[in-house]
Amino acid sequence: MATLALMSQHKEAWGSRLGVIMAVAGSAVGLGNFLRFPGLAAQYGGGAFMLAYAISFLIIGLPIGWAEWAMGRYAGSKGYHSCPGAFAAILNKPWAKYIGIIGVIVPVVIYMYYVFIESWCIGYAVKFWTGQVHLTSTEQTVEMFKAMSGQMGDGSALTFSWNSALPWLAMVFIFNFWLIYRGLSGGIEKMCNYGMPLLIVLALVVLGRVMTLGAPDPAKPHDNVVNGLGYMWNPSKVQIERVRPAAGEKALVREVVGEASIAEAEKEVAASGGQWKLVTITAWQQLKNPLLWMAAAAQIFFSLSVGFGVIIVYASYLKKKDDVVLSGLTASSANEFCEVALGGLITVPAAVAFLGLASVAGQGTFGLGFTVLPLVFAKMPLGTFFGGAFFFMLFLAAITSSISMLQPGIAFLEEVMNVGRKVSVTLLGLLTTFGTGFVVYFTADLKALDTLDFWVGTFLIFILATIQIIVFGWHWGIERGLKEAHSGASIRIPPFFGFIMKWLCPAFLLVIFTLTVLTSLFGFDLNSMTFGSTSAYVMDLIGGTQEGKVVGTNQAAQLSVALVVIVAVFFSLLSARSKAYQRAEQGLNKNEA
Amino acid sequence: MSTSGLFVMIASVGTVTLLFYWCVYKVLSTPHETEKVHGVEFQTPDIAEDR
């Protein structure tokens, strides 16, 4: 009996220890792992993108992640659990809290559209499992996605139909706030603890199914999994280009993958009478494209939640004896496993196998996940089960991320207004209801979502991440920063990361940020070194010209930016009056007299 | 898929898998480490304070 009791205790101990691993990993994984990453990697050249991605992980992701964990815990030791409070506690300057507000704006605003995408996932999962998905063409999947996301026009998503996102969004939104208010108890904690292993198991099942697809259509032997993997991972790209494209016409005809396709392409080029040419773009040539580096860095930020204002808040609840180094590394490695080893092997190869290369090229995030993949599953044996499983897996990944995006806003409101959780959750619920409603109304071309994703989900994250690493490396200094990080740690951060955190990371970020501003905002062409058309994101706000034509502004985009400005002003006004932050500026603990 | 593509895929997938495995091993094999390792934990102290 004593032996059985010991064995039971041992088993429980292992169970709870593995549960800790799963909890750490689960918090790191989100939609970007299975949707955004595969699309970006395929768009920017597979192997070349992976090199830029790996470098970004080492120079940006890990260092800034560790810096956030260390700074967050320090702030928490002073009693501050919000990003503005953390900045005030670290910098001890009156203006510091206003920088920290970026760390509240980012997660709150991203939540407003992230929860919308989350509702699509559960909607698709239920539709698959209840046998409501009967797709036979790309046009049908596009229509299904348009109906779900409301892209037919502004206001079209606000219909209470199970084919649109509204009922799903209502349930998901309420569920998010119920979880964030009540915390986890009993069954919910079990759901989150089992969620991560379930996610990995489902992903492995789908991965196994995809890897055994071969060429599903014998009439199209080039549409196979191996070519899909090649499209995803080959360092060099081979493509057919027009020798002299007409005005407004793109040079690219199509990309080709696989020896057989390349051989056929050579024949097509030979038969084109000199109008086409076959071009091999090497990895080195692709790496000279700054947009590739920007995409890799942006994906690292989004995927690891670096520069989000999330890690710094959750780290503030940790103690000196807790291990932030191994926590950060474990969360990052779990994220990368799901992103590279699972996401990188599922989405694009399956899409190429069923629908061909042309269907994947240039799809981006949403196209790949919600238009191509449903058709992939619809054409797959047992596709109803696998499709539902995949989208439910995405929902699980999304909900842990969306919940984590709410805490920074809650902690901020609690600190500045000196209120309890009930009041702060209610206030944040009202704010995000309005914001999400805004996003759900302006769904023509998903303009509000896309605009917020660019200005907040890319631009502001860059800014916050850059400021954070400069504060860590230059205000604290590397010696003090690493000492803070190593408190309670069972492993040491390798010494060369000191140089990376102080010099390489800030320089890398500043270069990428400058190139992002020049190319994305002002249309600077790095190849011809001339200014071309202004980016669509800027033209949406102030208008401009594109290829000689005058392009007007977009009201939804302007209102989206106005929403961010209003939120920023509101948070700033609250921060200005905060006695807690005034104490932080004076170097006092939050509850110090 | 080219040979270099296969190499990139195996190197990338292998590296992240090994890194994740090493982290899990380190957490499980270091005494009391599971008490010190944390992710984004939804049970924040302010939930208990409000009850």
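A cavity is a set of points, on a 1 Å grid over the protein atoms alone, where a 1.4 Å probe fits but cannot get out. Grid points are joined across faces, edges and corners, and a volume is the space filled by probe spheres set on them. The model is predicted, so local features need pLDDT of at least 70 and side-chain atom pairs pLDDT 80 or more, while totals for chains, interfaces and linings use all residues. Residues are numbered from 1 along each chain as written, chains are lettered from A and ligands numbered from 1 in written order, and side-chain values use heavy atoms, without hydrogens or water.

Four cavities of 30 Å³ or more are present. In chain A, helices H1 (2-28), H3 (47-77), H13 (290-304) and H15 (324-355) each give two or more lining residues. H3(A) provides the largest share, five residues. Helices here are DSSP runs (H or I, at least four residues), numbered from the N terminus. The lining has ten nonpolar, ten polar and no charged residues. Nonpolar covers Ala, Val, Leu, Ile, Met, Phe, Trp, Tyr, Cys and Pro; charged covers Asp, Glu, Lys and Arg; the others, Gly among them, are polar.

The second largest cavity holds about 120 Å³. It is lined by 15 residues, with A:Gly30, A:Tyr114, A:Phe302, A:Ser303 and A:Ser401 nearest its centre. Helices H2 (31-43), H13 and H18 (383-417) of chain A each supply at least two of the lining residues. Seven lining residues are nonpolar, eight are polar and none is charged.

Definitions and conventions: 1 Å grid on protein atoms, 1.4 Å probe; cavity = no way out; pocket = protein on both sides within 12 Å on 5 of 7 lines; lining within 4 Å.
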